[in-house]
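I opened this entry to keep track of what I looked up in the structure. The notes follow the order in which I went through it.

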Amino acid sequence: MKKTAHYQLNQWELEDRIRMSDFNSDNAKIDAAVAAALAKAVSEGKRLDTALNAAKDQLQTAVNTSKAQLQSSIGAVEDRLAAAKTALEAEDRRLNETKLELNTLLTTTVTVDVGSAGRIDLRGLDLGSYFLFSVSLEGALGAQINFNGVENSFSMRPNSSVSMAGNVGIVDYGLRGTFLFYPLRNPEAYVMALQTEGGFHNGHAPLPYKDLHTLEVSSPRLQKIPVTIRGIR
C-alpha cells in the first residue's frame with residue numbers, strides 16, 4: 001500500500017486489502033498533526049501577545065519618560081521666566097526708586113596768583129565714567145581754568161559771552177561759576193561744558209574725558225578759590 005509523502009497516510013488502490021487498523025492509524029496521525037499545529041499556533045499566539053505587550057510597555061515607558069522630560073523642561077523654562085520676571089520687576093522698582101544725586105567727588109581750595117596756577121589732580125576721579133559732572137568755583141573773579149596744563153585747552157574767563165577759537169572752547173562766567181560737563185559715561189567723548197550761571201553758554205575742548213588728569217585754575221591776581229567737583233553716575 002502506498003503512503004503519502006509527509007504524514008505517511010495510507011493510499012488505497014483497488015487490489016489493496018482494507019483493514020481497520022489502517023483507518024485508525026491514519027486518523028491518529030491526522031489527529032496528532034492537527035493537535036501539534038494547533039498547539040504551535042496557540043504557542044505562537046502567546047509569544048506574539050507577550051512580544052506585543054512588551055512592546056506596548058516599552059512604548060508607554062518611552063512616552064512617560066519623554067512626557068516627564070518635557071514637563072521638566074517646561075517647568076525649568078517657566079522657572080527661568082519667573083526668575084527673569086522677578087528680576088525685571090526688581091530692577092524696575094530699583095530704577096523707579098533711584099534718584100539721580102549729584103555726589104561730591106572733590107572739594108578743595110586753590111591759591112592762585114599771576115603766573116602761578118593752582119593744580120588739582122583728577123586722575124583718581126575717572127570723570128569719563130560719569131553721566132555728567134560739574135565744576136564750581138566760588139568768588140573766582142577773573143579766574144581761568146585749563147585741563148592737563150595745556151594753555152587754553154579749556155578756558156573760562158570772566159565776561160558775559162562765549163567765544164570759540166578753532167578747537168578751543170572758551171566759556172565765560174562772573175564771580176561764581178558752575179559748569180556742567182556731560183561725558184554720558186563715554187570716556188572717549190570730547191570734553192564739552194554748559195555754563196549754568198548767568199544764562200546758558202557752552203564750550204568744548206579738543207580732549208577726550210579719559211585723558212583728563214589735571215585741572216588748573218589761574219587768575220590775574222592773588223586769591224583763594226574754593227573748587228567743588230560733583231558727579232552723577
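**Confidence and ground rules**

I started with the confidence of this predicted model: the protein averages a pLDDT of 77, and 77% of the residues score at least 70. pLDDT is the predictor's confidence in each residue, from 0 to 100. I noted that confidence is lowest in strand 7 (residues 163-165), at a mean of 37, and highest in strand 4 (residues 118-121), at 88. Over residues 153-175 the pLDDT is below 50, and this stretch has 82 contacts in the model beyond near neighbours in sequence; a contact means heavy atoms within 4.5 Å.

Residues are numbered from 1 along each chain as its sequence is written. As this is a predicted model, local features need pLDDT of at least 70 and side-chain atom pairs count only at pLDDT 80 or more, while totals for chains, interfaces and linings use all residues; side-chain values use heavy atoms, with hydrogens and water left out.

**Overall layout**

I looked up the secondary structure and found one helix and 13 strands. These are DSSP runs numbered from the N terminus, with helices being H or I of at least four residues and strands E of at least two. Along the sequence the pattern reads β-β-α-β-β-β-β-β-β-β-β-β-β-β.

Of the 233 residues, 28% count as buried. Buried means under 20% relative accessible area, exposed over 50%, and partly exposed in between (1.4 Å probe, protein chains only). Among contacts between residues at least 6 apart in sequence, 61% join residues at least 24 apart.

**Core**

I then went to the largest nonpolar core, which has 24 residues; Leu122, Phe181 and Val227 touch the most other members. Such a core is a set of buried Ala, Val, Leu, Ile, Met, Phe, Trp, Tyr and Cys residues joined through side-chain atoms within 4.5 Å. Among the elements that give two or more residues to this core are strand 3 (103-112), strand 6 (144-147) and strand 10 (190-195). Leu122 touches residues including Leu127, Phe147, Leu215 and Ile229, with residues up to four places away in sequence not counted.

**Aromatic rings**

How many aromatic pairs does a search of the whole structure find? I got three. Rings of Phe, Tyr and Trp (its six-membered ring) pair if their centres lie within 6.5 Å; planes under 30 degrees apart count as stacked, over 60 as edge-to-face and the rest as tilted. The rings of Phe133 and Phe181 have centres 4.9 Å apart and planes at 10 degrees, so I logged the pair as stacked. Phe133 lies in strand 5 (residues 132-137) and Phe181 in strand 9 (residues 177-181), so this pair ties together parts 48 residues apart in sequence. Both Phe133 and Phe181 are buried.

Phe133 and Tyr209 have ring centres 6.0 Å apart and planes at 85 degrees, so that pair is edge-to-face. Tyr209 sits in the loop between strand 11 (201-208) and strand 12 (214-218), 76 residues from Phe133. I also noted one aromatic cluster formed by Phe133, Phe147, Phe181 and Tyr209.

**Two single residues**

Thr228 is in strand 13 (residues 223-232). Is Thr228 buried or exposed? Thr228 is buried, because its relative accessible area is 13%. Leaving aside neighbours within four places in sequence, its contacts include Thr104, Leu106 and Val135.

Pro220 is in the loop between strand 12 and strand 13. Pro220 is exposed, with a relative accessible area of 55%. Pro220 and Val114 are 106 residues apart in sequence and 4.9 Å apart in space, C-alpha to C-alpha.
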